[in-house]
Amino acid sequence: MKKRFSCLSTSNLNLLIIDQFEYVDEGLLHKLYKNKRVEREWYRLTVADIDNIRELDHQLRIEK
């Protein structure tokens, strides 16, 4: 994750990076939110989107 962060650069002061999800696969998130992609690895997610990802992570944790 540190290597990925070091590759990111932006002048967007509203940037929020969340790395607390242990069980959600990044590839799945790319598929689920492809319509919210702004550019390459950048997505414009809402608070509801983040809540949905948290819930998905929680459900996957329970299943494992």
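Predicted model: local features only at pLDDT ≥ 70, side-chain atom pairs only at ≥ 80, totals over all residues.

Colleague: How many salt bridges does the structure hold?

Modeller: The reading begins with a nitrogen of Lys or Arg and a carboxyl oxygen of Asp or Glu, the cut-off being 4 Å. Three salt bridges are present in this structure. In one of them, the side chains of Lys 36 and Asp 49 come together with an N to O distance of 2.6 Å. This pair connects distant parts of the chain, since Lys 36 sits in the loop between α2 and β1 while Asp 49 belongs to helix α3, 13 residues apart.

Colleague: Are Lys 36 and Asp 49 buried or exposed, or partly exposed?

Modeller: The reading rests on relative accessible area: a residue under 20% is buried, one over 50% is exposed, and the range in between is partly exposed. Asp 49 has 8% relative accessibility and is therefore buried. Lys 36, with a relative accessible area of 24%, is partly exposed.

Colleague: What is the spacing of Asp 57 and Arg 61 in helix α3?

Modeller: They are four residues apart, about one turn of the helix, and their side chains meet in a salt bridge of 3.0 Å, N to O. Asp 57 is buried at 3% relative accessibility, whereas Arg 61 is partly exposed at 36%.

Colleague: Which residues does His 30 contact, leaving aside its neighbours within four places in sequence?

Modeller: His 30, in helix α2, is in contact with Arg 37, Glu 41 and Tyr 43. The side chains of His 30 and Arg 37 are also joined by a polar contact of 3.3 Å. The relative accessible area of His 30 is 19%, so this residue counts as buried.

Colleague: What does Leu 56 touch, not counting residues up to four places away in sequence?

Modeller: Leu 56, a residue of helix α3, touches Val 24, Leu 28 and Leu 32. Its C-alpha atom is 9.3 Å from that of Phe 21, which is 35 residues away along the chain. With 25% relative accessibility, Leu 56 is partly exposed.

Key
Residues numbered from 1 in each chain as written. Heavy atoms only, no water. Helix = DSSP H or I, 4+ residues; strand = E, 2+ residues; numbered from the N terminus. Buried < 20%, exposed > 50% of the residue type's maximum accessible area, 1.4 Å probe, protein only. Polar contact = N/O pair within 3.5 Å; in protein donor to acceptor, adjacent residues only side chain to side chain. Contact = heavy atoms within 4.5 Å.
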